[in-house]
Amino acid sequence: MAADAGAHDGSGPASTGRGGVDHAAHRGGVRAAADCAAGARLAIERDKALTETGAKLLGLTDPDRTRGLAWTTANELGSTTPGVRVLKAARDGEVLRIGASTGQFADLPVTISGSVVACAGPVDQARITDADPLNAAVGSTLEWECVALTEEENDAWLLVGAPKRIPEGTILSVRNLVNQVNLALRNSDAHRQLIAQAKSDPLTGLHNRASFNTKLAEELAQHHESAGLHVLFLDLDDFKDVNDNLGHQAGDAVLVEVADRLRRCTRPRDVCARLGGDEFAGVLTGTTADAAAAIAHRMVESLATPILVNGRPVRVGASVGVASATEDIGLEVLVHQADVAMYAAKANGKGRVRAFTAGLLQGEPALESFERQLSRAAGSGELVVHYQPVVSLADLRCTGAEALVRWQHPDRGLLQPEEFMAAAESSGAVLGMGAFVLRRACTDAMTWPDTRPGVPMTVQVNVSALELDSDHFVESVLWCLADSALPPSRLVLELTESVVLESVAAVGRLKTLTHHGVRIAIDDFGTGYASLSTLRMLPTRS
C-alpha cells in the first residue's frame, strides 16, 4: 500500500494525484503549450521583420543599401531561432569566399573549400555536400541548408545552420527574405538601366543631348573664372558621303569608332556627348584655354586616321569649335558660341579647330546662316537636278544630258548655281551636294529611253576640285554606278580648268575611273589657264 501511494518506481503506470490526475502528462502538456506559444510568437516576429523589410525595399534603388538592409533582417531572423548561424558564400574559383555572417562562430575563415556546395546545374539547385568546413568554423556539428542568391554577380548562397535541425519556419523565412532581395535587386538593375538609357546615346554610349545640357548646367552653376570651363562642338566632315556610298550600317559603325576615339582624347572627368547625327560635344573642366584647344586638336588628328569598316578604309575628318566660359555666362550663350566657332572652323577648310571670339558673331552673320542652310540642303531634300540636253551637231540628235544642280531655298525660292556655288566651295558643302547630284543623275539616266539604237544616252556630271581631292571619290562614283546599274560608259565626269589638275593623286583617281569605263571631259577648255601639257596628263576621251 505504501508503495502504491509513494513515488513511482518506473515499473508501473505513472502516479496520479487526487482525482486521478496524471501530473507528468500535465507538466508535459504545459511545456508543449508554452513551446507552441513561443513558436507562434517567434513566427509573428519573423513575419513582422519580413513585412517591414519588404516595405523598405520598395523604395530602394541602391543595391548596396538593399544588401545592407537584407543582412540586418537576416540577423533579426537568426535571433528568432536559438543557435542558428547564417553565412554568405560566393564562388571564387575553386573556393567559396565568405562574406557577412550572423551567429556565433569559433573561427570564421575568409574562404572555405568549394566542395562545401555542389552545383552541377542552376545555382538555385545547389545543395550542401560537405559540411565539415562549416562545422569546423562553428566549433560544433550543425544541420546545414543553402539558399541561392540568384541576383549576385557570381554564384552565391546563404548557408543556414542550426543544431539538430533547422526549423521549417526559419528556413522558409530566409527563403522569403532572399526572394524579396532578389526582386529588389532586379528592380534596382532595371532602374539603373533606365537612367543610363535616359542619359546616354544608344548607339555610341556617350552622353546624349539632355545629359550634356544637364552636366553643363551643373558645371556652370558652380563655375568661377579660375576653374577653366570649356565647351567643344565637333562636326564630322563628309560623313554624309559615308551613308550615301556605303549605307547607314557602315555609317553607324563609323560613329561608334568616332565615339571611342573621342573618349581616348578626353580625360575621365570630361563629358563627351553625341548630340545627334554626326554632331558631338564635350565639356572640359579645370583646364586652360590652351589645354582645351590642345584636346580639340588631338580630336581632329585622331579622326584624320582612316576608319576600317568591313575591311575598307573610310575617311572622315572633323571640325571643332571651342568656347570658354566667362563669369555669369548662360548655358545657351556658351553653347551658341561653341556652335558658331565650329562652323567657322568648317568654313575655313575643314579639319580645323577654331576658338570663339566676339568677332565671329559680328562678322558676316548672314553668310554664316546661309552656309549652315547650304550644308544641310542635300539632306533636307532641297536640291533639285535639272538636265540640259547634249546634241550631236552632225545629225541634231540628243546623245545625252548634263546634270545641273539648283537649290530650292526655303525662303528665297529656286537659286541658280552662281548664287550658292562659291559658298558651297568655301564651306565644303559642295562635297555633299556633289554626291547627291551624282547619285540622282545615275539613277535618272537609267530611266531615259534610247533615242537611237546602239547609241545609249550619256549623263554628264560636273566634278569640283574638293570632290576630286577626296580619298574616297573613286569609291563614291563606283558605288553610284553599281547601285543604279548604270553602265560606266554612260557616265561622263566633267572637269573645269579651275580644278587643280597638277595633283598626281587626282590624276590617278581619274585614270582609275577610266579603267572602269567612266569617261572624262574638260568643260570650257581655253577660257582659263590650263596648258596643253596639263591636258595630255588627263585620261580624257574624245
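Which residue of β3 is the bridge partner of Arg97? In this predicted model, that partner is Thr111. Residues are numbered from 1 along each chain as its sequence is written. Local features need pLDDT of at least 70 and side-chain atom pairs pLDDT 80 or more, while totals for chains, interfaces and linings use all residues, and side-chain values rest on heavy atoms, without hydrogens or water.

Strand β2 (residues 95-102) joins β3 in the antiparallel sense over 3 bridges; strands are DSSP runs of E of at least two residues, numbered from the N terminus, and two of them pair if DSSP finds at least two bridges between them.

Arg85, in strand β1 (residues 85-92), deserves a look of its own. Arg85 is buried yet has no salt bridge, and the nearest side chain of opposite charge, Glu143, is 13 Å away. Here buried means under 20% relative accessible area with a 1.4 Å probe, protein chains only; a salt bridge puts a side-chain nitrogen of Lys or Arg within 4 Å of a carboxyl oxygen of Asp or Glu; and Lys and Arg count as positive, Asp and Glu as negative. The side chain of Arg85 does reach backbone oxygens: that of Gly83 lies 2.6 Å from one of its polar atoms, and that of Gln104 is reached at 2.7 Å.

Key: Helix = DSSP H or I, 4+ residues; strand = E, 2+ residues; numbered from the N terminus. Buried < 20%, exposed > 50% of the residue type's maximum accessible area, 1.4 Å probe, protein only. Polar contact = N/O pair within 3.5 Å; in protein donor to acceptor, adjacent residues only side chain to side chain.
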